[in-house]
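Morning, everyone. Let's take a quick look at some aromatic rings. Please bring up the structure.

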Amino acid sequence: MSTTVGAMRPGATRNLILATIGFLVNFWAWALLGPLGPGVKERLGLSFAAQSLLVAVPVLVGSLGRIPVGALTDRYGARIMFPLVSIATIVPVLTLTVVSSYPALIVTGFFLGLGGTTFAVGVPLVSGWYPPARKGFAIGVFGVGMGGTAISNFTTVKLADTYGDNAPFLLVAALLAAYAMAAFLLIRDAPDRQRPAGSAWGRIKDVGRLAVTWQMCFLYAVGFGGFVAFSVYLPAYLREAYGLTANDAALRTAGFVVLAVIARPVGGWLSDRLHPVPVLVWCFSGTALFAVVQAFQPPLVPVATVAFLAMAGLLGAASGAVFALVGKVAPADKVGSVTGVVGAAGGLGGFVPPLIMGWVYGAESSYAIGLMLLSDVAIAAAVYTAVKMSGLARRPVTT
């Protein structure tokens with residue numbers, strides 16, 4: 001069904017707000033282990049690699065889980081999937097109040113990854129409600145929900161220190177329960193939503209045959225993957241490289257996340273006006289430049305701070321631009337499935353760097369190699385986008 005380019009449907013704004021809140025609350029839950037990682041490392045005497053694995057496991061599960069959750073959203077709609085995933089995430093959040101050993105934390109982190117799958121629920125919901133000319137900005141606004149990781153970094157350690165170790169987990173569990181109820185009562189799928197036939201696995205195989213799916217996977221693995229990697233590993237990096245306290249490192253990481261969150265709708269807005277391809281080229285090129293700067297571990301103020309904030313803005317804008325492109329080129333009845341696969345690639349892009357950074361630091365006592373690898377991958381993404389995907393910039397927008 002075609003949509004008039006500028007038309008706004010009644011209910012679009014309400015569903016966008018509800019989807020963004022759901023994304024934010026679930027991402028808050030998803031990121032709970034990140035700011036706690038340094039403290040757990042000290043309490044249990046973990047290696048850097050073990051700490052990196054602890055904070056990366058939820059990222060991995062939340063990433064891979066987006067594939068089936070995206071396909072299920074195509075089938076059953078966001079009104080069912082948002083409450084379902086939110087309720088399921090309550091279980092590992094509450095489990096964090098009673099576990100303390102490293103193996104138990106790894107298992108709990110595995111199930112905590114469920115919160116990260118809500119990305120694949122919200123994108124098809126928002127995409128269905130907005131016309132092509134506004135999809136990039138709308139999906140970018142939805143992406144502000146990734147600021148849940150910033151809230152986690154701002155509040156987790158502080159709440160635990162002020163009100164007791166279990167305070168952040170109890171608060172997040174209560175918010176998830178409240179949101180699940182509100183989502184079931186208020187969210188509505190787009191009236192012209194196309195419910196595909198066949199199994200979820202069949203739809204996943206179908207989108208796997210689309211070349212654009214894998215192109216988007218690569219770009220999102222670099223853009224969003226870079227953001228996720230920094231958001232979960234930056235507290236440990238700042239403590240080791242610059243000797244910051246746990247609270248100071250968490251607050252600075254939250255600032256990084258906030259800027260990336262603000263930049264995401266900006267990337268979508270620019271993509272609606274210029275097209276996502278040139279936006280991506282500039283964002284990846286800038287990320288490569290600032291990663292090289294940070295590889296030399298300059299003084300925290302001002303050079304390193306500027307480098308990290310610049311990368312935050314560029315990676316956030318790139319994440320918004322990728323899904324602006326998905327909204328333009330993915331078949332309407334496969335947006336959820338494509339989103340799931342691409343979202344999984346983005347999460348996996350965030351899973352690997354913390355492990356590499358932890359391993360390299362353990363072996364070489366240096367983060368420079370990891371940052372130079374980020375620069376290499378970012379410049380490769382910029383060149384690939386400019387050379388191989390320039391044709392997409394000349395395609396007419398379709399619905």
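Start with two residues, Y220 and F224. Y220 is buried, and F224 is buried as well. Keep in mind that this is a predicted model.

Where do they sit? Both belong to helix α12, which covers residues 211-242. They are four residues apart, about one turn of the helix.

Now the rings themselves. In general, a pair of aromatic rings is described by the distance of the centres and the angle of the planes. For Y220 and F224, the centres are 5.0 Å apart and the planes are at 0°. Planes under 30 degrees apart count as stacked, so Y220 and F224 are a stacked pair.

F224 and F227 are three residues apart in helix α12, so about one helical turn separates them.

Are these two buried or exposed? The cut-off for buried is under 20% relative accessible area. F224 has 0%, so F224 is buried. F227 comes in at 1%, so F227 counts as buried too.

Look at R79 and F184. The charged end of R79 sits over the ring of F184. The distance to the ring centre is 4.9 Å.

That's my tour. Thanks.

Note on methods:
Residues numbered from 1 in each chain as written. Predicted model: local features only at pLDDT ≥ 70, side-chain atom pairs only at ≥ 80, totals over all residues. Heavy atoms only, no water. Phe/Tyr/Trp six-rings, centres within 6.5 Å; stacked < 30°, edge-to-face > 60°. Helix = DSSP H or I, 4+ residues; strand = E, 2+ residues; numbered from the N terminus. Buried < 20%, exposed > 50% of the residue type's maximum accessible area, 1.4 Å probe, protein only. Lys NZ or Arg CZ within 6 Å of the ring centre and 35° of its normal.
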